[in-house]
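Please consult the sequence and the model alongside each numbered paragraph.

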Amino acid sequence: MERLDAAESVLDAAAAAAPEIRAGLPGRRRYLDEENPSGEEVLAADVFADDLLETALGDLDAVGTYASEERASAVDTGDGPLSVAVDPLDGSSNLESNNPMGTVVAVYDGTLPAAGRDLVAAGFVLYGPVTTMVAGVGAPGEADVYEYLVTADGDREEMGVIALPDDPTVYGFGGRVPDWPADFAAYVDEVEDELKLRYGGAMIADVSQVLSYGGVFAYPALESAPNGKLRLQFEGNPVAYLVEGAGGRSSDGTGPILDVTATDLHQRVPVHVGNASLIERLESALQ
Ligand code: F6P
């Protein structure tokens with residue numbers, strides 16, 4: 001129980017940082033002459049949010065390790081048992097075009113890199129027209145997932161539990177179409193006859209549409225990148241935890257993302273999340 005309270009305090013701290021992160025965005029839309037450990041260009045806003053979250057989360061007694069997509073290695077922040085893995089600004093390339101972005105927080109009970117089964121909480125802040133947080137606390141499979149309004153003071157006001165609608169409506173798939181493997185392309189052919197396309201280029205915003213309307217989001221394996229683009233510790237695991245908590249399923253193409261063996265802090269993983277029926281069909285298509 002203590003661990004769960006501690007995990008909740010990590011989510012509180014992430015929500016508390018959100019207004020300052022949001023307020024800091026307007027002057028930080030420029031690219032720096034730097035790349036992150038995954039080889040992506042870095043914006044001033046990425047560094048700002050990362051520094052802020054390192055302090056906000058790393059200062060908590062329960063947190064012993066802070067890791068982020070923006071840093072090559074994890075930072076030792078004390079003796080706490082929890083490790084946090086953060087994508088400070090998911091989808092930050094959307095900043096130039098002023099589209100939504102998010103902050104993703106994964107809370108692991110153990111050292112990094114960790115498997116998704118070691119998560120004790122996960123959440124994301126969505127900087128959309130309204131600042132919200134979607135989060136759950138507890139072991140995977142036992143955690144309910146809630147949506148919160150994040151107030152101007154950084155408090156969380158619960159708005160209700162999230163359950164994927166039974167009738168899926170939307171799909172959004174990353175990667176260039178000619179780069180999709182043939183079996184995934186064949187699955188897309190089926191899905192696009194049934195659902196409507198919603199893709200905005202920020203995982204959190206695209207997953208949020210799936211949580212709201214039902215459907216499927218994927219950043220699949222590509223011909224040029226067999227493990228896709230998204231990172232297991234910072235993106236794949238937390239999003240799988242949340243979608244599964246909302247009654248959906250996740251897959252790396254063969255099985256649940258939460259079962260993927262963690263070998264490297266910045267390892268990538270193909271991500272497919274959504275309604276169970278759509279993920280089952282995906283796994284059959286990729287066999
Ligand atoms: O973290 C990487 C990210 O920004 C995700 O949020 C998003 O799903 C993806 O990249 C978008 O990639 P692309 O620009 O290839 O569509």
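1. Helix α4 passes helix α7 in a right-handed crossing. A crossing is called right-handed if the near helix is turned clockwise from the far one by less than a right angle, and left-handed if anticlockwise. Helices here are DSSP runs of H or I with at least four residues, strands are runs of E with at least two, and both are numbered from the N terminus. The contact (heavy atoms within 4.5 Å) involves Asp-183, Phe-184, Tyr-187, Glu-190, Val-191 and Glu-194 on α4, together with Leu-278, Arg-281, Leu-282, Ala-285 and Leu-286 on α7.

2. The structure is a predicted model, in which local features need pLDDT of at least 70 and side-chain atom pairs count only at pLDDT 80 or more, whereas totals for chains, interfaces and linings use all residues. Residues are numbered from 1 along each chain as its sequence is written, and side-chain values use heavy atoms, with hydrogens and water left out.

3. The axes of α4 (residues 182-194) and α7 (residues 276-286) come within 8 Å and cross at roughly 150 degrees. Axes are lines fitted to C-alpha atoms, for helices over the stretch in contact, and angles run from 0 to 180 degrees between N-to-C directions.

4. Helices α1 (residues 2-23) and α2 (residues 44-58) pack at about 145 degrees, with axes 10 Å apart. The passage of α1 across α2 is right-handed. Residues in this contact include Val-10, Ala-13 and Ile-21 of α1 and Phe-48, Leu-52 and Leu-57 of α2. By class, the contact of α1 with α2 has eleven nonpolar residues, no polar ones and one charged. Nonpolar means Ala, Val, Leu, Ile, Met, Phe, Trp, Tyr, Cys and Pro; charged means Asp, Glu, Lys and Arg; the others, Gly among them, are polar.

5. Which residues have polar side-chain atoms at the stated distances from a ligand oxygen atom? For Tyr-219 the distance is 2.6 Å, and for Lys-229 it is 3.0 Å. A side-chain N or O atom of Glu-235 also lies 2.6 Å from an oxygen atom of the ligand. A polar contact is a pair of N or O atoms within 3.5 Å; within protein, one must be able to donate a hydrogen and the other to accept it, and residues adjacent in sequence count only if both atoms are side-chain atoms.

6. Leu-112 and Pro-113 are joined by a cis peptide bond, with omega about 0 degrees. Pro-113 belongs to the loop between β6 (101-109) and β7 (119-127).
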